[in-house]
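Okay, thanks for making time, everyone. Let me put the thing up on the screen and then talk you through a few parts of it.

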Number of protein chains: 4
Amino acid sequence: MDFNIIRTGRAVLNVVDLDASRDFYVNGLGFIETESDTNNLYLRGLEEHNHHSLHLKKASAPSVEVISYKVYAEQDLDALSSLFAAKGLKTKWLEIGEQHAVGRALRVQDISGLPVEFYAHMDPVERMLQRYDLYKGAKVQRIDHFNCMVPDVEKAYNFYINEMGFACSEYTAAEGEKIWAAWLHRKPSVHDVAFMNGVGPRLHHVGFWLSDQLSLIHACDVLASMGYTTSIERGPGRHGISNAFFLYLRDPDGHRIELYNGDYLTCDPDFKPIRWDINDPRRQTFWGHEAPDSWFNEASVVQDVLTNKTIELAEPTLKQHKPTFVT
Amino acid sequence: MDFNIIRTGRAVLNVVDLDASRDFYVNGLGFIETESDTNNLYLRGLEEHNHHSLHLKKASAPSVEVISYKVYAEQDLDALSSLFAAKGLKTKWLEIGEQHAVGRALRVQDISGLPVEFYAHMDPVERMLQRYDLYKGAKVQRIDHFNCMVPDVEKAYNFYINEMGFACSEYTAAEGEKIWAAWLHRKPSVHDVAFMNGVGPRLHHVGFWLSDQLSLIHACDVLASMGYTTSIERGPGRHGISNAFFLYLRDPDGHRIELYNGDYLTCDPDFKPIRWDINDPRRQTFWGHEAPDSWFNEASVVQDVLTNKTIELAEPTLKQHKPTFVT
Amino acid sequence: MDFNIIRTGRAVLNVVDLDASRDFYVNGLGFIETESDTNNLYLRGLEEHNHHSLHLKKASAPSVEVISYKVYAEQDLDALSSLFAAKGLKTKWLEIGEQHAVGRALRVQDISGLPVEFYAHMDPVERMLQRYDLYKGAKVQRIDHFNCMVPDVEKAYNFYINEMGFACSEYTAAEGEKIWAAWLHRKPSVHDVAFMNGVGPRLHHVGFWLSDQLSLIHACDVLASMGYTTSIERGPGRHGISNAFFLYLRDPDGHRIELYNGDYLTCDPDFKPIRWDINDPRRQTFWGHEAPDSWFNEASVVQDVLTNKTIELAEPTLKQHKPTFVT
Amino acid sequence: MDFNIIRTGRAVLNVVDLDASRDFYVNGLGFIETESDTNNLYLRGLEEHNHHSLHLKKASAPSVEVISYKVYAEQDLDALSSLFAAKGLKTKWLEIGEQHAVGRALRVQDISGLPVEFYAHMDPVERMLQRYDLYKGAKVQRIDHFNCMVPDVEKAYNFYINEMGFACSEYTAAEGEKIWAAWLHRKPSVHDVAFMNGVGPRLHHVGFWLSDQLSLIHACDVLASMGYTTSIERGPGRHGISNAFFLYLRDPDGHRIELYNGDYLTCDPDFKPIRWDINDPRRQTFWGHEAPDSWFNEASVVQDVLTNKTIELAEPTLKQHKPTFVT
């Protein structure tokens, strides 16, 4: 490839009430509020040295405007533009100045219909990693990954592996060795993006990295103290897949956030992707717990990068929509 | 009162396969095996300086032989014998030598029909608290409490408070301010025994103290690695009541074990019992999760102290058998 | 004994700058500020249901006005008054209303010359244990113990054991089996008070209980972020004695605070006090680290309960002032 | 550059007693013993999927045979060979079969005289990440970095940055903005190698990654229980530089091992290296503690890759050999 995607960069989410979002993300989860105005809230984790990793925009209904990856250099954007154009996929440029704190950006509708953005520059800000006096709630460290529900995982898998240079760390196999879900990375962690079989294209969740397990447990306690018990959807638990210690939350608009710790290093070219059977009871939750139905059924709708209209949903190609535990 | 019950002492549980029990309790949970023979397994926690806090006996079917409290001195046993005799409750003496490692013991059928034992002496053994090289699994520190399901919680509550000198730390109120469950203590923790409204008398669980939250999470990981995913019944989570960070496990015979950390000091005479409404969503699980039905319905049957036959079960006096979350 | 001391209650410390104290204790360590005025700062831990456990008073120089124990009932105060009077030790009554939030109090100069107070009543306040959204810094849970440097430990030991009903959990033996230090308790933890051989009488430190080890590590990070690196005197480490995971801090007036987690249950009458040799390298710090000289040499001076003048210091009876590690 | 160094790979250390090493590394620190014979002990961390990251060889005296980096592909070795040859530095090939479990390897004496090895292949083995039942001691997860003491840090810095493609995450500046120490990485963590001003070339320590802070504290407890108190040289503490939560140990041969958790992601091309003043009291230990002199003075001697003789030591170019805290 003649471009270099570095890592998951940021999500731009539409929300209906910025004050409700601020209470949840800043007071509850401990995000740093870099900047805000009446229509925007820019948030980042404690170790992040770029302006934001979560951009919440005031809107009339919740949806996903775009999920963004950071690339190594400006020319990578042009190479990516050529790739997507060659594939007949929608592309759109946002020039410098069109987005606050972000440089020139390329937006595309990816192979699954997801609105994806690439940028090389975001304004630098002070890193708060050693401002422990500001640590609160979940003490969110940094953005880690996106998880997307798509109708055809193998199509997404092939595009990201073959055309975009991602590598696979783990995957779930359904009947006939069909790929039911896959975890793909650019930075050497388990993933920058995962694709999961389901009604889509939708954003299932944005994952944020925590420095330790107790920060995640403390987040549960803090959220419950603040009255957010219904926001705690699943966990804490351990995923068999990815070895993540996880917590799934629903923000005030229903967007799903994963707090995440565990992972391992995946930079070796001889690292063999780990295969899990979809019905292995330790795959989803290593400890055997089932996930609630909402976790399989609900996700955030996404926008068309050209029209900003909601992308229509399609049924998944694989029929099995969640694991069956035979005991 | 002219006697002094110090604390929860030990449980004597019947199990069908001692090797299966050993694998679960010693390899999985990290209990110290003080001693064993073909019919008995004596286990203790890392800080315990008495011979055992869990005595597992080989039997043809699982049941609870007795739950035991340690008293301050020998004469306390005589005073307790007088009390139970005066109340017309069954009593039975086990003289020195009749039980391995335990001194003279009084067994009674308590006001709810539970088989309860009192003893002043148990053989001393080496405390392993600072043998960190032996720490394994959940690193169980010590026995903490019993939780019993009884048909008439108020009757049990009144007997333990008024006749046996227990104090109440927290309780759950159902319709008409009826006590649906109560947490009672002698040592200044949240409880040595709790009573919960339900089909009984049955032993709901034995609680063991852990030194920290991560030991509990590690226990989940270790048990899952060993293939015990179906043993993890509920949690990890935080109880609103007692503030415990908890995990409920089912041992190979179905006996329920709670791993427990959290608690607080309750020695003050001006400590006001904390009232919880049964339908408060943060009471059971502070984070809002529901408990599985098995947690409300299943418990260990108990024996008659004179005949060793299983005590017949009675329906509870309060109709509500579990919380209803109105959302 | 015809009285019942329940537990360590509070310390009244003189400090020169209440704003400096507030920043250290409230912002840094996470104490709850119950109340304050220009001359007083009343602090408590997160689980405490009484008005305060630390009373800081504005003064021209740092010193200890009194260390206080809570007793079971009002009449215990009268019995204690008789005891101290019979021993020819100074006593003084503070009637209801003389101290904010505290009932009738007896102050005495104990056998070592330490200013000690007893009270049965302190105003109740809301317990913040489950207000996790207010947790900060070290998340201090409750007061745990006092550690006092006295010239004659055996004299203090005998008085507290024989006359005041304390029990010994652990002790340090110097040459000739002389008691160099002793850990004594009323509540069933390792200690409510410890006495250590040294120039005295002085208050070496006040110990506060934390719920877990990571809160202590986080306290180091928070204090360092706030510029308090010179306040961190010793630790984090593990004491062989008491098994405590510890951190020693010096507050802005030089008063020493211990953050403390570890401990074990000591309510059994057959618990054998644990003997440590003064030169055992794992006694002080289980991991073998030496304590800095300041830890052995520096402590807070104490006041005369009648005159409020500083009590004169005496040299210790045992010559060895700190451990010698022979390697 | 026409080669791609992926990450720190392994260290080959000479030790005098393999049984002593096994007790320390396997029983104490929880390394997995992949394989061993009378002259070799091959160890790996819990997440490692390659044969070993620490190779201990029986020898008559302790020294460092080589520190090794893994490269992306075989041809990278040839390109590296050309580079070192062109610079007039010693090189040596070890063909397939010459080293157990490792493919063709290039050994060089680097610009500072350190014995460095590159390899593309190491035999795959089972990853134990989710075999929590095998977790012990420090639960070492993976190798993280080397720290080397060299006489001329700027020379090493320039070579690794300009010729070998490393990036700098943090550095320490001495008088005149001279680089006193530098942290350099290939994988996107704080470092794969650090250079520190001092008598050299010597290996200061090998750093291993732990998944969390409590594993490090537990390691202290386990080592102390096993009698290894004198092996604990420094910590636990927090480095200002790198934000690492650290513990420094000396193995039975005096080789220094760092247990390490903290770190952050460094993959961004716009990440600005963080500058620390050598005399900043929070640089070395964020909490302000001083390191012992042994930490500055002692390190492992290294071998000539051609002769296996010990490389002669040179005095450092910068005079300041450790920080001065002006208070």
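This is a predicted model: local features need pLDDT of at least 70, side-chain atom pairs count only at pLDDT 80 or more; totals for chains, interfaces and linings use all residues.

For the scores, ipTM comes out at 0.95 and pTM at 0.97. Chain A has a mean pLDDT of 96, with 98% of its residues at 70 or more.

Next, how the copies sit. If you take chain D and turn it by 180 degrees, with a shift of 0.0 Å along the axis, it lands on chain A with an RMSD of 0.0 Å. That's what a two-fold axis does. And if you want to know where chain D comes nearest to that axis by C-alpha, look at D:Asp212, which is 3.0 Å from it. Now, the interface residues: 100% of those in chain D are interface residues in chain A as well, so the copies meet through the same surface.

What does each chain put into the contact? It's 31 residues from chain B and 31 residues from chain C. One to click on is between the side chains of B:Lys70 and C:Asp268, at 2.8 Å from N to O.

In chain D, please find strand 15, residues 245–250. Buried or exposed, would you say? Well, 6 of the 6 residues are buried, so the rest of the structure largely encloses this strand. As a reminder, side chains in a regular strand alternate between the two faces of the sheet. On strand 15 of chain D, one set is D:Phe245, D:Leu247 and D:Leu249, and pointing the other way are D:Phe246, D:Tyr248 and D:Arg250, all of them buried.

Which partners does strand 15 of chain D have? There's strand 14, residues 232–238, antiparallel to it and joined by 4 bridges; in that pairing D:Arg234 has D:Tyr248 as its bridge partner. The two strands make a hairpin with 6 residues between them, and in the turn D:Ser242 has a positive phi of about 80 degrees. Then there's strand 16, residues 256–261, also antiparallel to strand 15, over 6 bridges. In this pairing D:Phe246 goes with D:Tyr260. That's a hairpin as well, with 5 residues between the strands, and D:Gly254 in the turn has a positive phi of about 90 degrees.

Last stop, chain A, strand 7, residues 105–109. Here 5 of the 5 residues are buried, so this strand too is largely enclosed by the rest of the structure. A:Ala105, A:Arg107 and A:Gln109 point one way, while A:Leu106 and A:Val108 point the other.

On one side of the pairing story, strand 6 of chain A, residues 91–94, runs antiparallel to strand 7 with 4 bridges, and A:Leu94 stands opposite A:Ala105. Strand 8 of chain A, residues 115–119, is antiparallel to strand 7 over 5 bridges, with A:Val116 as the bridge partner of A:Val108. Strand 7 and strand 8 of chain A form a hairpin with 5 residues between them, where A:Gly113 takes a positive phi near 90 degrees.

That's what I had; happy to rotate to any of these again.

Definitions and conventions. Residues are numbered from 1 along each chain as its sequence is written. Chains are lettered from A and ligands numbered from 1 in the order in which they are written. Side-chain values use heavy atoms; hydrogens and water are left out. pLDDT is the predictor's confidence in each residue, from 0 to 100. Copies are superposed by least squares on the C-alpha atoms of residues with pLDDT of at least 70 in both. Contact means heavy atoms within 4.5 Å. Buried means under 20% relative accessible area, exposed over 50%, partly exposed in between (1.4 Å probe, protein chains only). Two strands pair if DSSP finds at least two bridges between them. A salt bridge is a side-chain nitrogen of Lys or Arg within 4 Å of a carboxyl oxygen of Asp or Glu.
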